[in-house]
Amino acid sequence: MVRAVRQKKRVVVMLIAKRALFALVAVVLASTVPLAPSVAADREVIDAKISVALRELREKIPGADDLLQRAKGVLVMPDVTEAGLVVGGTYGEGALLIDGIAVQYYSVAGAQVGLLAGFQTSSQALLFLTDEALAQFRESSGWEAGVSAKVAVVTAGTGTGVDTLQNNEPIIAFVWGQAGLLANVSLDGSKYTRIDR
């Protein structure tokens with residue numbers, strides 16, 4: 001009987017600990033992750049950030065400029081925020097550029113579960129190298145990387161470089177931070193949705 005009481009107490013303690021962990025995650029996400037459209041930037045702010053991001057891309061990543069010139073369209077998300085504790089999410093806003101002009105504004109959102117703790121900001125550029133890939137993206141009401149189309153991500157230190165991908169893939173993506181290209185990056189599951197700005 002004593003054993004049964006101890007086991008019951010252990011179960012209760014584990015349930016309390018689990019609920020406390022979920023509550024902590026919820027508080028951290030609510031206080032640190034700007035995932036809601038309420039923090040939406042206006043058109044001029046997004047355009048200014050895109051200019052800075054494209055300059056960084058050209059300066060930091062050899063070969064990116066040639067691909068940018070070949071692209072039929074470029075989706076630039078200059079400020080993608082990723083944050084959380086165990087469970088987290090990403091959110092950012094940007095624009096689709098055709099011939100260097102913003103023709104439509106988009107948001108990107110995604111959820112992540114795993115070894116995630118803290119806060120990180122990066123930039124993304126998706127280059128549509130064929131008319132078909134660009135048309136499919138523009139016609140979609142909610143385009144999801146890895147589901148709507150395969151996205152080849154140029155990453156740091158894995159041998160997946162610009163030269164390897166530029167002749168084979170209709171959509172190539174760059175994800176970079178202050179130090180350059182990020183390693184071990186996948187955009188699969190990221191959802192891009194048109195927004196009004």
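Let me begin with a definition: a residue is called buried when its relative accessible area is under 20%, exposed when that area is over 50%, and partly exposed in between, with a 1.4 Å probe and protein chains only. Helices are DSSP runs of H or I with at least four residues, strands are DSSP runs of E with at least two, and both are numbered from the N terminus.

The model before you is predicted, so local features are reported at pLDDT of at least 70 and side-chain atom pairs at pLDDT 80 or more, while totals for chains, interfaces and linings use all residues. Residues are numbered from 1 along each chain as its sequence is written, and side-chain values use heavy atoms, with hydrogens and water left out.

I turn to the overall layout. The protein contains five helices and seven strands. Read from the N terminus, their order is α-α-α-β-β-α-β-β-α-β-β-β. Of the 197 residues, 38% are buried. The accessible surface amounts to about 11200 Å², and carbon and sulfur atoms account for 56% of this area; the areas come from the Shrake-Rupley method with a 1.4 Å probe, and for residues only the protein chains shown count as cover. A contact is a pair with heavy atoms within 4.5 Å. Among contacts between residues at least 6 apart in sequence, 69% join residues at least 24 apart.

Next, the interior. A nonpolar core is a set of buried Ala, Val, Leu, Ile, Met, Phe, Trp, Tyr and Cys residues joined through side-chain atoms within 4.5 Å. In the largest such core, which has 23 residues, Leu57, Leu127 and Phe174 touch the most other members. At least two residues of this core come from each of α2, α3 (64-70), β1, β2 and β5. The most are given by α2, with five residues. Which residues does Leu57 touch, not counting those up to four places away in sequence? They are Ala64, Leu68, Ala125, Phe174 and Trp176. A second core, separate and made of 22 residues, includes Leu96, Phe128, Trp143 and Val175.

Helix α4 (residues 131-139) shows how burial is arranged around an axis. Its residues Ala133, Leu134 and Phe137 are buried. These three span an arc of only 95 degrees around the axis, and so they lie on the same side of α4; the arc is that of the directions from the helix axis to the C-beta atoms. On the face of α4 turned away from its buried side are the exposed residues Glu132 and Glu139.

I come now to the charged pairs. A salt bridge is counted when a side-chain nitrogen of Lys or Arg is within 4 Å of a carboxyl oxygen of Asp or Glu. The structure holds four of them, and I shall describe the following.

One joins the side chains of Asp79 and Lys49, at 2.9 Å from N to O. Because Asp79 lies in strand β1 (residues 73-98) and Lys49 in helix α2 (residues 43-60), this pair ties together parts that are 30 residues apart in sequence. Asp79 is partly exposed at 31% relative accessibility, and Lys49 is partly exposed at 35%.

Another joins Arg197 and Glu93, also with an N to O distance of 2.9 Å. Here Arg197 belongs to the segment after β7 (191-195) and Glu93 to strand β1, so that distant parts of the chain, 104 residues apart, are linked. Lys150 lies in the loop between β3 (143-144) and β4 (152-154), and Glu169 in the loop between α5 (162-165) and β5 (171-177), so the pair ties together parts that are 19 residues apart in sequence. Lys150 is exposed, with a relative accessible area of 58%, while Glu169 is buried at 19%.

Finally, the backbone. Most residues other than glycine have a negative phi. Asp99, although not a glycine, has a positive phi of about 55 degrees. Asp99 sits in the loop between β1 and β2 (101-128) and is exposed, with a relative accessible area of 75%. Asn184 likewise is not a glycine and has a positive phi of about 55 degrees. Asn184 is found in the loop between β6 (180-181) and β7, and is exposed at 71%.
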